[in-house]
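The sequence and the coordinates are shown first.

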Amino acid sequence: AAPPAPPPRAQTPKLPPAELHRMACDELLETERGYVADLGTLEDMFLGPLTKWAAEDAADVDQSDVASIFGDVGPLRRFHQDVVLPAIEAAFEEAATTNAAPAPGAALERLAAQFRLYAPFLKGFAVARRAAETLREKRP
């Protein structure tokens with residue numbers, strides 16, 4: 001006798017494209033809000049105290065180590081907090097008033113040139129990684 005047939009798979013309901021679009025837009029907005037919050041935590045809770053500690057003579061970390069690893073997070077935080085997040089939120093507000101689908105992609109596209117703020121971070125990644133590894137070796 002043949003083995004019994006496997007049970008049928010549960011079918012995931014297929015969502016309409018408009019709903020998928022809305023879900024993606026909502027995710028983008030929530031991700032940006034989280035990123036702004038995370039940059040704030042990085043700057044206020046870690047980078048600020050670390051910079052203060054590095055200024056002390058007895059610190060195992062100096063200002064150049066901090067700068068090599070973190071760069072200048074402040075401009076990124078302000079850019080996302082004051083420009084990117086408001087642009088995405090404005091796309092949602094505009095969609096609500098016109099009863100249309102939100103278009104945060106268009107808002108981000110208009111800001112594309114300003115994302116060059118990330119260039120120094122990308123360029124300095126190898127240096128930051130080496131600095132972090134050196135500090136880890138000095139103080140495991």
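A nonpolar core is here a set of buried Ala, Val, Leu, Ile, Met, Phe, Trp, Tyr and Cys residues joined through side-chain atoms within 4.5 Å, where buried means under 20% relative accessible area. The model to which this is applied is a predicted one.

**Cores**

Taken in that sense, the largest nonpolar core has eleven residues, namely C25, L29, V36, F79, V84, L85, A87, I88, F92, A107 and L111. Two or more residues of this core come from each of the helices α1 (17–54) and α3 (73–98), and α3 gives the most, with six residues. For L111, the contacts that remain once neighbours within four places in sequence are left aside are those with V83, V84 and A87. Another core lies apart from the one described above and has nine residues, including L47, A54, V73 and L76.

**Overall form**

The chain has six helices and zero strands, and along the sequence these elements follow the pattern α-α-α-α-α-α. Its radius of gyration is 23 Å, whereas a compact globule of 140 residues would have a value near 14 Å. Taken along the principal axes, the box filled by the C-alpha atoms is roughly 75 × 60 × 25 Å. Of the 140 residues in the chain, 24% are buried. When contacts between residues at least 6 apart in sequence are considered, 72% of them join residues at least 24 apart.

**Helix α6**

Within α6, the residues A128, A131 and L135 are buried. Seen down the helix axis, the buried residues of α6 fall within an arc of 65°, and they therefore line one face of the helix. These buried residues pack against α2 (63–70), while F125, R136 and E137, on the other side of α6, are exposed.

**Aromatic contacts**

How many aromatic pairs does a search of the whole structure find? The search finds three. In one of them, the ring centres of F115 and Y118 are 6.5 Å apart and the ring planes stand at 15°; because planes under 30 degrees apart count as stacked, this pair is stacked. Y118 also forms an aromatic pair with F121, with 6.5 Å centre to centre and 55° between the planes, and this pair is tilted. The residues F79, F115, Y118 and F121 form one aromatic cluster; F79 is also listed in the largest nonpolar core.

| Residue | Relative accessible area | Class |
|---|---|---|
| F115 | 27% | partly exposed |
| Y118 | 19% | buried |
| F121 | 28% | partly exposed |

Since buried requires a value under 20%, Y118 at 19% falls in that class, whereas F115 at 27% counts as partly exposed and F121 at 28% is likewise partly exposed.

Methods:
Residues are numbered from 1 along each chain as its sequence is written. This is a predicted model: local features need pLDDT of at least 70, side-chain atom pairs count only at pLDDT 80 or more; totals for chains, interfaces and linings use all residues. Side-chain values use heavy atoms; hydrogens and water are left out. Rings of Phe, Tyr and Trp (its six-membered ring) pair if their centres lie within 6.5 Å; planes under 30 degrees apart count as stacked, over 60 as edge-to-face and the rest as tilted. Buried means under 20% relative accessible area, exposed over 50%, partly exposed in between (1.4 Å probe, protein chains only). Helices (H or I, at least four residues) and strands (E, at least two) are DSSP runs, numbered from the N terminus. The arc is that of the directions from the helix axis to the C-beta atoms. Contact means heavy atoms within 4.5 Å. The radius of gyration is taken over C-alpha atoms; the globule rule is 2.2 Å times the number of residues to the power 0.38.
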